[in-house]
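Please read them with the model open beside you.

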Amino acid sequence: MWPENVGILAIEVIFPSQYVDQTELETFDGASAGKYTIGLGQSKMGFCSDREDVNSLCLTVVSRILEKHHIKPSEIGRLEVGTETIIDKSKSVKSVLMQLFADHGATDIEGIDTTNACYGGTAALFNSVNWIESSSWDGRLALAVCADIAVYAKGAARPTGGAGAIAMLIGPNAPLVFDRGLRATHMEHAYDFYKPDLSSEYPTVDGKLSIQCYLSALDTCYQLYRKKFQAKYPDTAKVGLENFDALLFHTPFCKLVQKSVARVVFNDYLLTPEDKRSTLYPGLDKFSNSTLASTYFDRDVEKTFMTQFADVFEKKTKKSLLLASQVGNMYTPSVYSGLVSLLVSEQPDSLVGTRIGLFSYGSGLAASMYSISVTKDADCFKKFVSKLDYVLPMLNSREKLSPEEFSQLMEIREKNNHAAPYTPTGSVAVLFPGTYYLKEVDELHRRTYERVPTISNGVH
Ligand code: ACO
């Protein structure tokens, strides 16, 4: 018998304990006041000193999810990592995480790392769901982990950085269930954002092209999702945005997501038969001959749809941007930080039985739109959400550093990237309880980690 209602049984997020204020960063960078905060929609940006790397982020988030949910290492049959923060061209982050399992005699665990910019986490998640739904499944649970440190060279892209990690426990009879047959994917070759310089943490970015690629992938995935939805539910009266109670996006910066919601409405508008457009979308007749391809940077289309459908953004998406605006682009965890943000910002009762759409985008490019259904069992859902009660206190207990200090820490990371032997100098005292940190890198580039003691209940 195939397992039913496969989905997310538990979710855990971590983010850096230090941040820089985007208003202060505007002044420091000599950018015009409001460019990062209003123009990009960002409030704060989390960052890691040289004490944390992608391995330590993953060790922290995986330990936390296992401890908090009392999962024994032997209960995990698959562990997948999605990341684009590559510190070793051969050894996977997954193999580093095996330190948490092998000591308990648990080594029969499939899965390794997946990389394609910000999409790797979604690939890890899909692989985990697919395994549970496959003939290879042996009844155990899967863990999909996504983690990245998003840093850019000085310049226009720097304020769109961030960092974080998310772990998701996947199994049957979940409170958040993946809708079968409702995955729409678009992949193609593009040089919008990539990391060809393996000695540097920084990407090569064509900012404008990356936005165009993101929006065009959104168009394609959304239209394909609509088709699949219609095929699955042929009796549905209307197919479109209203099929989602909430719509979450990969969030490089919050303003792009606000524009994306307007873009989805614009797709619905163009897909509405011409004779019905004036009634369903009054006042928009002047766009009836517009096309998707000609409007990626069309201010009139963008502004009109953003203004006229501002309530759609408020209702379906705004709450999912909490972590993105406070921490920044986490890369692979970004869209899942949107899910956590929604879960901690919305009243659980109003999410029970709803459908949540997700759009995942990774430059280069790989993108998918899919949906998950929230269980109708209110008690089960409330219990699931209550495990996230640490998120807001943790967000509010972070330490603010000045842009000067942030910039100095970036220089230290930049200078010592791949240095060996190396002992990090970043503060350990500032890290949250239970955080794994890099102790040292020896002359053979072997990394060792230690952990900040946990507090009374084992987790922060
Ligand atoms: N007050 C208010 N708004 C302002 C101000 C101001 N003083 N100054 C500028 N703005 C607005 C601009 O009008 C613009 O908004 P608009 O596009 O709605 O008109 C916005 O702020 C940004 O200004 P730009 O001049 O367009 O910014 P710039 O080109 O310098 O950089 C960019 C923005 C391209 C996003 C850059 O930060 C970048 O390259 N980031 C990394 C790439 C990225 O995140 N791509 C997204 C998809 S790929 C991925 O996820 C990595």
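1. How many residues line the second largest pocket, and which of them lie nearest its centre? In this predicted model, the lining is made up of 23 residues, and those nearest the centre are Glu 84, Thr 85, Ile 86, Lys 195 and Leu 198. The volume of this second largest pocket is about 480 Å³, and its lining comprises eight nonpolar, nine polar and six charged residues.

2. As for where the lining of the largest pocket comes from, at least two residues each are supplied by α2 (35-39), α7 (207-232), α8 (254-271) and α10 (299-308), and α7 gives the most, with six residues.

3. Turning to the strands, there is an open sheet of three, ordered β3-β2-β14, with mixed pairing. Because β3 (44-47) and β14 (399-401) stand at the edges and each has a single partner strand, one side of each is left without a neighbour in the sheet. From one strand to the next, the twist averages 40 degrees.

4. Strand β2 (residues 18-21) runs antiparallel to β3 and is joined to it by four bridges, with Asp 21 standing opposite Lys 44 in β3.

5. Two helices lie across β2, β3 and β14: helix α1 (residues 22-29) runs at about 60 degrees to β2, while helix α17 (residues 403-416) runs at about 35 degrees to β3.

Methods. Residues are numbered from 1 along each chain as its sequence is written. This is a predicted model: local features need pLDDT of at least 70, side-chain atom pairs count only at pLDDT 80 or more; totals for chains, interfaces and linings use all residues. Side-chain values use heavy atoms; hydrogens and water are left out. On a 1 Å grid over the protein atoms alone, a cavity is a set of points where a 1.4 Å probe fits but cannot get out, and a pocket is an open set with protein on both sides within 12 Å along at least five of seven lines; lining residues have an atom within 4 Å of a point. Grid points are joined across faces, edges and corners, and a volume is the space filled by probe spheres set on the points. Ala, Val, Leu, Ile, Met, Phe, Trp, Tyr, Cys and Pro count as nonpolar, Asp, Glu, Lys and Arg as charged, and the others, Gly among them, as polar. Two strands pair if DSSP finds at least two bridges between them. Axes are lines fitted to C-alpha atoms, for helices over the stretch in contact, and angles run from 0 to 180 degrees between N-to-C directions. Contact means heavy atoms within 4.5 Å.
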